[in-house]
Amino acid sequence: MQEGRLKTLRTGGYEIDLVDDGLFGLDGGSMFGIVPRHAWARLMPPDEANRVDMALRAVLVRGGGRVILIDAGIGNKIPKKLAARMNIRRDEGTPGKLRALGIGPGDITDVIATHLHFDHAGGLTTQVGCEIILTYPNARIHVQRACLEWARRPSEKDAASFMAHDVEPLVGSPNLHLLDGDCEVLPGIRVISTNGHSPGTQVVVVSHQPSPSFAFLSDLVSTVHHLRLPYIAAFDVAPLDTLNEKKRVLSQAVDEGWIVCFPHDTNTPACTLAKNEKGEVVARNKVAL
Ligand SMILES: [Zn+2]
């Protein structure tokens with residue numbers, strides 16, 4: 001894979017910056033589902049507790065008078081014991097990184113939450129003393145209705161992926177904007193709703209021809225390694241839906257020349273794609289943002 005460097009990506013009328021919320025570790029077996037350890041361990045070497053290092057990534061999109069955050073990071077509400085078990089390494093997280101870009105919490109106009117798993121949605125709210133407040137008080141929070149409904153009543157299989165203290169403060173908030181399926185959330189920013197990882201997980205596409213579209217794939221494709229079709233996390237509630245959605249979305253990404261961004265890849269935050277001689281979608285050029 002070749003490497004290119006862009007400081008701030010400009011696509012259409014928008015500027016895009018990646019926001020590094022921190023790092024954490026998840027069980028490598030869980031991240032790769034049916035793939036045997038000898039195959040994934042070469043790609044993402046596990047630590048002594050079998051955890052693989054995962055980025056916690058949000059994306060900042062600015063333009064057209066809007067300051068938009070895609071996902072909000074893991075936040076500061078994870079209990080200490082669990083934080084240690086997941087080897088969370090996070091200083092000031094997303095709010096600190098935004099501050100370095102000259103953006104305060106009140107400046108964010110929109111948050112597009114790809115889904116409500118705690119590693120993406122924990123940062124929507126912040127613990128201040130005994131209180132939990134919205135981290136971005138002026139932001140509309142765009143979430144798929146199916147996603148919110150599932151997050152409030154998950155199955156026994158995936159209940160550990162959600163935390164009530166992330167989800168319940170959103171319910172009834174005037175900031176919440178529920179979406180029903182694919183739509184254009186803001187001019188040139190559309191979402192594709194998928195159901196394999198978790199119901200209503202949305203891929204966010206920032207598009208404007210003739211510039212390349214930028215797509216945050218969320219956990220439909222968590223890392224560059226998950227471009228391989230059978231590489232599907234055991235966390236997914238409907239792995240065969242993930243498979244079909246990956247085929248559909250990645251084929252569109254290749255056809256339309258998208259730059260794709262992965263939420264959890266520590267080495268390849270974003271890349272362009274191509275089809276190899278077998279017709280498989282593979283990374284072409286790494287795009288460092
Ligand atoms: Zn995730």
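Colleague: What average pLDDT does the protein chain have, and how many of the residues score at least 70?

Modeller: The average is 94, and 95% of the residues score at least 70; pLDDT is the predictor's confidence in each residue, from 0 to 100. This is a predicted model, where local features need pLDDT of at least 70 and side-chain atom pairs count only at pLDDT 80 or more, while totals for chains, interfaces and linings use all residues. Residues are numbered from 1 along each chain as its sequence is written.

Colleague: Where does pLDDT stay under 50?

Modeller: Over residues 2-7, for which the model has 11 contacts beyond four places in sequence. Two residues are in contact if their C-beta atoms, placed from the backbone, lie within 7 Å.

Colleague: How do you know whether the radius of gyration agrees with a compact globule?

Modeller: Taken over C-alpha atoms, the radius is set against a globule rule of 2.2 Å times the number of residues to the power 0.38. For 289 residues the rule gives a value near 19 Å, and the protein chain has 18 Å, which agrees.

Colleague: Nice. What makes α8 a helix, and how does its span compare with the one expected?

Modeller: Helices (H or I, at least four residues) and strands (E, at least two) are DSSP runs, numbered from the N terminus. Helix α8 covers residues 239-256, with 18 residues. The expected span is 1.5 Å times one less than the number of residues; α8 reaches 25 Å from its first C-alpha to its last, close to the expected 26 Å.

Colleague: Which residues of α8 are buried?

Modeller: Thr242, Glu245, Lys246, Val249, Leu250 and Ala253. Buried means that 20 or more other C-beta atoms lie within 10 Å of the residue's own, exposed means 12 or fewer, and partly exposed is in between, with C-beta atoms placed from the backbone. The buried residues pack against strands including β12 (189-194), β13 (201-206) and β14 (214-216).

Colleague: And what makes a set of residues a nonpolar core?

Modeller: Such a core is a set of buried Ala, Val, Leu, Ile, Met, Phe, Trp, Tyr and Cys residues joined through C-beta atoms within 7 Å. The largest one here has 82 residues, and Ala215 is one of those touching the most other members. Strand β4 (residues 51-63) gives the most to this core, with 8 residues. Not counting residues up to four places away in sequence, Ala215 touches residues including Val203, Val260 and Ala253.
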